[in-house]
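Please report on the fold and the pockets of this model. Keep it brief and organised by topic.

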Amino acid sequence: NFSNSEVIKNIQISGNDRISNETIVMFSEVDIDDNVDSSIINNVLKKLYNTNFFKEVSVNFTNNLLEIKVVENPIIENISYDGIKSNRIKDLILSSTELKSRSSYNELILKKDKENIKLELKKLGYYFPSIETYIEDLKNNKINLTYKIILGDKAKIKKISFIGDKKFKDKKLKSIIISEENRFWKFISSKKYVNENIISIDRRLLKNFYLNKGFYDVKIDSSFAKLVNQNEFELIFN
């Protein structure tokens, strides 16, 4: 705790290898002769953690000396995706993840990236993927990161339902949208799978249909997929 602000007369940095002292000072946004108090010390700690370059950071200020001790995150040499053969799916995964080759590894970002991958796969109809990650230690604070992804079966549409003040029969409304119910003879059709991008188009098609019929206050409030049995859903438009 600081009773009054004090002045930094010296900055001492330790634990860094890849990242220079000058860069760490720049990230901290403090310098010699700056006034410092407890809130500024907390900001230094926060700013250094926010760079994602460091696994651990400690900041101490005594006798006008600012001490910064760091442990650097390892560098990712290479990222591979086992189980993904489609370049289209791989490109979607790459565009949705923050960790890249030659970037700093961060467990929190990895967790977020895994969730983003699941969201992208869900949009394509893969509702139950398995995603495991493996770290290979290459020494010198470098690693390889591997995603092992099992897509599983695509989620199929067992039934399409329309609820609310729909005015028209389900058969008519089904003819308006792209999504289709799964039937054994539709073994080639991709419309029988739950696809969030297509469902979004379906909502617009339904709204345009009602608008053209004179229902100018129509609202397609929601659409959702309800699991009815293993990898089969009921698609519901409200």
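## Helices on the sheet

In this predicted model, helix H1 (residues 21–28) lies across S2, S4 and S5. H1 runs at about 115 degrees to S2. Helix H2 (residues 38–50) also packs on the sheet, where H2 touches S4 and S5. The direction of H2 makes about 160 degrees with that of S4.

## The sheet

The sheet is open and has three strands, in the order S2-S5-S4. Its pairing is mixed. Strand S2 (10–14) and strand S4 (54–62) are the edge strands, and each pairs on one side only. On average, neighbouring strands are turned by 15 degrees against each other, direction ignored.

S2 and strand S5 (residues 65–72) run parallel, joined by five bridges. Ile11 has Leu66 in S5 as its bridge partner.

## Helix against helix

Two packed helices are described by the angle between their axes and the distance between the axes. For H1 and H2, the axes come within 8 Å and cross at roughly 115 degrees. On the H1 side, the contact residues are Ile24, Phe27 and Ser28. They meet Val44, Lys47 and Leu48 of H2. By class, this contact of H1 with H2 has four nonpolar, one polar and one charged residues.

## Ile135

Ile135 sits in strand S7 (residues 130–137). Is Ile135 buried, exposed or partly exposed? Its relative accessible area is 43%. Buried means under 20% and exposed means over 50%, so Ile135 counts as partly exposed.

Not counting residues up to four places away in sequence, Ile135 touches Tyr105, Ile143, Asn144 and Leu145. Ile76 is 59 residues from Ile135 along the chain, and their C-alpha atoms are separated by 9.5 Å.

## Pockets

The largest pocket holds about 280 Å³ of space. Its lining has 16 residues. Asp165, Lys166, Tyr210, Val218 and Lys219 lie nearest the pocket centre. By class, the lining divides into nine nonpolar, two polar and five charged residues.

The second largest pocket has a volume of about 160 Å³. Its lining includes Tyr49, Asn52, Phe54, Lys55, Asn73 and Pro74. Tyr105, Asn106, Glu107 and Leu108 also line this pocket. S4 and helix H4 (107–123) each supply at least two residues of this lining.

Notes. Residues are numbered from 1 along each chain as its sequence is written. This is a predicted model: local features need pLDDT of at least 70, side-chain atom pairs count only at pLDDT 80 or more; totals for chains, interfaces and linings use all residues. Side-chain values use heavy atoms; hydrogens and water are left out. Two strands pair if DSSP finds at least two bridges between them. Helices (H or I, at least four residues) and strands (E, at least two) are DSSP runs, numbered from the N terminus. Axes are lines fitted to C-alpha atoms, for helices over the stretch in contact, and angles run from 0 to 180 degrees between N-to-C directions. Contact means heavy atoms within 4.5 Å. Buried means under 20% relative accessible area, exposed over 50%, partly exposed in between (1.4 Å probe, protein chains only). Ala, Val, Leu, Ile, Met, Phe, Trp, Tyr, Cys and Pro count as nonpolar, Asp, Glu, Lys and Arg as charged, and the others, Gly among them, as polar. On a 1 Å grid over the protein atoms alone, a cavity is a set of points where a 1.4 Å probe fits but cannot get out, and a pocket is an open set with protein on both sides within 12 Å along at least five of seven lines; lining residues have an atom within 4 Å of a point. Grid points are joined across faces, edges and corners, and a volume is the space filled by probe spheres set on the points.
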